[in-house]
Amino acid sequence: LKRDRAVSDGVQCLLRAEIIACHERYGGEGHCPIYAKESLKRVYRAYHALDGNDIATSLYERTLALPDLEKTKEE
C-alpha cells in the first residue's frame, strides 16, 4: 500500500512536470498545435485521475486556450 501510493505520487509528479513543460514551451511560442493539445489532454486526464489538481490545472487550461497556429505577419 505504501509502495503503491509512492508510485502513484511519482507518476502524478511526472505528469505534472509534463503539463508545466508543455505550458512553458507553447506559452512562450504563443500557439499550441492540435497534436500537442491532444497529447496534453491525455496527460491531464491521467494527472487528474491521480488526484492532481493544483496550478497545473490552470496551466493546462491556459495552454489549451492558445491558438492552434502561429500568427503570421499578415494577420
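Predicted model: local features only at pLDDT ≥ 70, side-chain atom pairs only at ≥ 80, totals over all residues.
Setting aside neighbours within four places in sequence, Leu40 is in contact with Ile19, Cys22, Tyr60, Thr63 and Leu64. Two of these names, Ile19 and Tyr60, come back when we turn to the core: together with Leu40 they are listed among the residues with the most contacts inside the largest nonpolar core.

That core has 14 residues, and the list of those with the most contacts inside it also includes Tyr26, Cys32, Tyr44 and Tyr47. Helix H1 (2–29), helix H2 (34–49) and helix H3 (55–64) are the elements that give two or more residues to this core. Which of them gives the most? It is H2, with 5 residues.

**How H1 meets H3**

Let us look next at one pair of helices. The axes of H1 and H3 come within 9 Å and cross at roughly 40°. Because of that angle, H1 counts as oblique to H3; the cut-off for roughly parallel is under 35 degrees. As for handedness, H1 passes H3 in a left-handed crossing. On the H1 side, the contact is made by Arg16, Ile19, Ile20, Cys22, His23 and Tyr26. H3 brings Ile55, Ala56, Leu59, Tyr60, Arg62 and Thr63 to this contact. By residue class, the contact of H1 with H3 divides into 8 nonpolar, 2 polar and 2 charged. Ile19, Cys22, Tyr60 and Thr63, which take part here, are also among the residues that Leu40 touches.

**The loop between H2 and H3**

Two residues of this loop, Asp51 and Asn53, are worth a visit. Are they buried or exposed? The table gives the values.

| Residue | Relative accessible area | Class |
|---|---|---|
| Asp51 | 61% | exposed |
| Asn53 | 54% | exposed |

Both count as exposed because their values lie over the 50% cut-off.

Asp51 also has a backbone feature to check in your viewer: its phi is near 70°, a positive value in a residue other than glycine. For context, most residues other than glycine have a negative phi.

Which residues does Asn53 touch, not counting those up to four places away in sequence? They are Tyr44, Tyr47 and His48. Tyr44 and Tyr47 were met above, among the residues with the most contacts inside the core, so the exposed Asn53 touches two residues of that core. Between Asn53 and Arg42 there are 15 Å in space, C-alpha to C-alpha, and the two are 11 residues apart in sequence.

Definitions and conventions: Residues numbered from 1 in each chain as written. Heavy atoms only, no water. Core = buried A, V, L, I, M, F, W, Y, C linked by side-chain atoms within 4.5 Å. Buried < 20%, exposed > 50% of the residue type's maximum accessible area, 1.4 Å probe, protein only. Helix = DSSP H or I, 4+ residues; strand = E, 2+ residues; numbered from the N terminus. Contact = heavy atoms within 4.5 Å. Axes fitted to C-alpha atoms, helices over the stretch in contact; angles between N-to-C directions. Parallel < 35°, antiparallel > 145°, perpendicular 65-115°, else oblique. Left-handed = near helix turned anticlockwise from the far one by under 90°. Nonpolar A, V, L, I, M, F, W, Y, C, P; charged D, E, K, R; others polar.
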